[in-house]
Amino acid sequence: MSTEIFSREKAAGYQPDILKQMKPLVIGVGALGQCVVRGLAAAQAGELYLVDSDSFEQHNAPRSSFYPNSAEQKKWGLGKAEIVARKLRNEISWSKDPQIHFANNMIQELGEEPFRNCTHIISAVDSTGERGRGWIGKLARKFGKPLVEGGFKAERVNMRTLTNHNLDVPCFNCWENHETVQEQFNCTARARLSEAEGFIPAIQTAAAVLGSLMVETTIQLAHGNSELSNTQYFMDIRIGKTNLMKLVRNPKCQHSPLPKSDAVIKIGKGETYKTLLEILKGQGIKKPQIQLPARFVLTLTCFECGSVIQINEPSWKVAKRILCTNCGGRYQLLKSKDSKVLAHEIFYELSDATEEIHEIPIHQVGIIPGSLLDVTIENQSITIEIESDGLSGSNLFTPVF
């Protein structure tokens, strides 16, 4: 019998050359995400990219095998992505592979480049809409990348697998309806709210079962095996009951072909929208209308006092309970004497007419280097790529050696 370190996996059908080419993007490294990255690392997936803006809190410990001890907290802090990446590297010390990279950010802050460069997208987040699953699903479809996402509550788990490989297969948005604004909670606040509503939180055994299933599904997708492609899988781990549902495309859902860049625009992230418009016009693009990656919220009203407040954030960053500083929130009252100012100003595109946001830096509005933007010119559409001016995809993530 072979004593080669990967001999059992080869016997099970894993092909090291295929695994070596994998570049999974794992979004969310809580209880579920940690099980996923451990499995992918052990299987020797070529490069792992971990993204999570959250920090470890004490209640995470029973569900987090990578929970940092006091010495690790002093050395690395409490950021989940960094802690998991560094401890995972130590755990897989028997091999230099996979290459492990992390980003302590919201995935939206990294723009579209991580989605363009990865081979598989694994979603292990519990937020919905533009703050989480909706955003991930949209960009997986945009760049035609396989998406494996999981969710669970107590003993009940579910996994959805979408290949996104052509226009005829279902996408995330074929069935989803998302709220326009999402709640901003840290783990503790979210847990307390869940308890108040009678919600049964996740348990580690469910995370382990689901995480293993997601890892194996991702590996099989890489090997070209499609038994679980475009399906949703349900399981109750306490009684062993399972259900597999085949997903089909919603004919009402619009599916666009993969974008191709018609022009490359080089601009610093601190430059304004006005500068971007001027650059486009300098290339002969007259009266451009640029579709924003996400809606940009300029002003709203305070939930408590009704005063108009300045938001100046993409919709994925906006809190649901919007409060001004006088009511205990983080948004400043609008400093304007203009009686015509609107209480709710939300922008979907940039053009000559949207002067209100022309002086705002493009990164603040949500345009990140590496992103592809749709531009309408006299009823025709082109795609422009925002090239980094000094920021490349290689330093969006921090490598762990």
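This is a predicted model: local features need pLDDT of at least 70, side-chain atom pairs count only at pLDDT 80 or more; totals for chains, interfaces and linings use all residues.

Me: Which strands does H3 lie across?
Reply: H3 lies across S1 (24-27), S2 (47-51), S4 and S5. Its direction makes about 160° with S1. H9 packs on the sheet as well, touching S4, S5, S6 (156-162) and S7 (231-236). Relative to S5, H9 runs at about 170°.

Me: How do I read the sheet itself, and in what order do the strands come?
Reply: Strands of a sheet pair through backbone hydrogen bonds, either parallel or antiparallel. Here nine strands form an open sheet with mixed pairing, in the order S8-S7-S6-S5-S4-S1-S2-S3-S15. S8 (241-246) and S15 (398-400) are at the edges with a single partner strand each, so one side of each has no neighbour in the sheet. On average, neighbouring strands are turned by 15° against each other, direction ignored.

Me: How many bridges join S4 to S5?
Reply: Three bridges join S4 (residues 120-123) to S5 (residues 147-153), and these two strands run parallel. To find one of them, look at Ile-122, whose bridge partner in S5 is Val-148.

Me: And at what angle do H3 and H9 pack?
Reply: Two packed helices are described by the angle between their axes and the distance between the axes. H3 (residues 31-42) and H9 (residues 204-222) pack at about 45°, with axes 8 Å apart. That angle makes H3 oblique to H9. The crossing is right-handed.

Me: Which residues meet there?
Reply: From H3 they include Leu-32, Val-36 and Leu-40, and from H9 they include Ala-207, Leu-210 and Met-214. The contact residues divide into ten nonpolar, three polar and no charged.

Notes:
Residues are numbered from 1 along each chain as its sequence is written. Side-chain values use heavy atoms; hydrogens and water are left out. Axes are lines fitted to C-alpha atoms, for helices over the stretch in contact, and angles run from 0 to 180 degrees between N-to-C directions. Helices (H or I, at least four residues) and strands (E, at least two) are DSSP runs, numbered from the N terminus. Angles under 35 degrees count as roughly parallel, over 145 as roughly antiparallel, 65 to 115 as roughly perpendicular and the rest as oblique. A crossing is left-handed if the near helix is turned anticlockwise from the far one by less than a right angle, and right-handed if clockwise. Contact means heavy atoms within 4.5 Å. Ala, Val, Leu, Ile, Met, Phe, Trp, Tyr, Cys and Pro count as nonpolar, Asp, Glu, Lys and Arg as charged, and the others, Gly among them, as polar. Two strands pair if DSSP finds at least two bridges between them.
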